[in-house]
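Good morning, and thank you for making time for this item.

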Amino acid sequence: MLENSEKIFISEIKEKIRNAQYEAMKVVNTALINLYWEIGKSISEKQTENWGKSVVPTLSKELQKEFPGAGGFSEGNLWLMAQFYNEYQSVENLAPLVREISWSKHITILRKCKEPKQREFYILATKKFGWTKNVLIHQIENRTFEKYLLNQTNFEQTLPEKIKKQAILAIKDEYTFEFLNLSEEHSEKELEEKLVQNIRNFLIELGPNFTFVGNQYRIFASDKEYFIDLLLYHRELQCLIAIDLKVGEFMSEHKGKMEFYLNVLNDTLKLPHENEAIGIIICKEKDRTIVEYSLKTGNLPMGIAVY
């Protein structure tokens with residue numbers, strides 16, 4: 001049996017090895033992307049010199065003959081390198097990001113996303129959250145960029161500069177709850193119970209850094225008790241997240257109820273080092289104009305989403 005001190009020592013060595021392996025992988029990835037970028041640039045330049053398309057099949061054969069174990073030099077991959085260079089080199093925000101993620105993830109983004117802003121979002125999100133290729137594909141097919149882009153919040157007016165951008169990216173405009181298998185007609189209680197029963201899928205759908213605190217979370221004001229449908233915590237934003245579920249359309253009066261919850265949470269539950277609580281009202285439907293008018297007033301951070 002290993003002594004506790006030996007276990008700690010061995011664990012530390014293992015962690016150092018993992019870190020070294022990760023750093024080595026990053027160096028290899030950067031070198032590979034640099035190589036593919038330069039190959040793509042060279043192919044692109046020859047195309048502008050009217051060399052014709054035949055240069056790529058010839059180049060592919062010669063490279064595979066010269067470097068048989070290297071891989072990555074198929075005709076299709078060489079054309080992707082040229083496309084990669086052509087579509088990224090002139091975009092100010094994209095060109096500096098090319099070395100941040102692996103080639104296979106770049107190919108996924110290149111094929112599935114056409115707008116520069118969309119590509120920038122998925123490159124940054126993949127790097128920040130460590131998405132695998134399969135998770136990246138799922139996020140693109142789930143229209144994650146569009147859901148973040150369209151989100152309706154008042155964060156610009158209510159949150160401090162240091163967490164404003166992170167908060168905007170933490171709240172979606174639309175959540176997909178297909179994993180609940182709800183009937184078309186369901187109550188708020190059924191929706192809440194299903195979300196709690198499927199808490200892992202729910203947190204994955206919400207996005208990274210959310211943790212579950214409780215449902216029907218009890219708070220007190222003037223000796224009266226009130227219940228928040230779902231209470232979460234966001235580790236990066238360092239704040240409580242109150243969720244109010246509505247199976248109908250968003251109504252302006254829903255905002256007042258959420259503001260009450262947030263005030264009580266800030267006064268009674270928020271710790272000194274934490275940021276003010278954020279509210280999310282998730283409804284079956286919403287009129288975007290009504291939401292805009294509702295969020296124009298008030299000084300508490302809130303977002304209105306649909307499912």
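Let me begin with a charged residue, Lys 189, which counts as exposed at 58% relative accessibility. Please keep in mind that this is a predicted model. The side chain of Lys 189 meets that of Glu 193 in a salt bridge, with 3.9 Å from N to O. Both residues belong to helix 10, which covers residues 188-197, and they are 4 residues apart, about one turn of the helix. Glu 193 is partly exposed, its relative accessible area being 37%.

How many salt bridges does a search of the whole structure find? The search finds 17. A second one joins the side chains of Glu 62 and Lys 65, at 3.6 Å from N to O. These two residues are 3 residues apart in helix 2, so about one helical turn separates them. Glu 62 is partly exposed at 42% relative accessible area, whereas Lys 65 is exposed at 62%.

The pair formed by Lys 257 and Asp 244 has its closest N and O atoms 3.8 Å apart. Is Asp 244 buried or exposed? Asp 244 counts as buried, at 1% relative accessibility, while Lys 257 is partly exposed at 33%. There is also a network of salt bridges, which links Glu 156, Glu 161 and Lys 164.

What does Ile 109 touch, leaving out residues up to four places away in sequence? The partners of Ile 109 are Tyr 88, Ile 101, Arg 119, Tyr 122, Ile 123, Leu 136 and Ile 140.

Ile 282 is my next example. Ile 282 sits in strand 5, residues 278-285, and is buried at 0% relative accessibility. Although Ile 282 and Leu 245 are 37 residues apart along the chain, their C-alpha atoms are separated by 5.1 Å. Beyond its neighbours within four places in sequence, Ile 282 is in contact with Tyr 175, Phe 177, Ile 243, Asp 244, Leu 245, Lys 246, Ala 305, Val 306 and Tyr 307. This list includes Asp 244, the residue that forms a salt bridge with Lys 257.

Next, the cysteines. The disulfide count comes to 0. For Cys 283, the nearest cysteine sulfur is that of Cys 239, 20 Å away. A disulfide requires sulfur atoms within 2.5 Å, so a pair must meet that cut-off to be counted. Cys 283 is buried, with a relative accessible area of 0%, and Cys 113 is likewise buried, with a value of 0%.

Two backbone details deserve mention. Arg 143, which is not a glycine, has a positive phi of about 60 degrees. Arg 143 is in the loop between helix 6 and helix 7 and is partly exposed at 41% relative accessible area. Gln 238, also not a glycine, has a positive phi of about 55 degrees. The loop that holds Gln 238 runs between strand 3 (224-234) and strand 4 (239-249), and Gln 238 is partly exposed at 35%.

Thr 144, in helix 7, is buried, with 1% relative accessible area. Apart from residues up to four places away in sequence, Thr 144 touches Phe 121, Tyr 122 and Gln 139.

Finally, the surface. Which residues make the nonpolar surface patch of about 340 Å²? They are Phe 9, Ile 10, Ile 13 and Ile 17. Of these, Ile 13 lies in helix 1 and is partly exposed, with a relative accessible area of 35%.

Terms used:
Residues are numbered from 1 along each chain as its sequence is written. This is a predicted model: local features need pLDDT of at least 70, side-chain atom pairs count only at pLDDT 80 or more; totals for chains, interfaces and linings use all residues. Side-chain values use heavy atoms; hydrogens and water are left out. Contact means heavy atoms within 4.5 Å. Buried means under 20% relative accessible area, exposed over 50%, partly exposed in between (1.4 Å probe, protein chains only). Patches are made of residues with over 30% relative accessible area and no salt bridge: like charges are joined within 9 Å, nonpolar side chains (Val, Leu, Ile, Met, Phe, Trp, Tyr) within 5 Å. Accessible areas come from the Shrake-Rupley method with a 1.4 Å probe; for residues, only the protein chains shown count as cover. A salt bridge is a side-chain nitrogen of Lys or Arg within 4 Å of a carboxyl oxygen of Asp or Glu.
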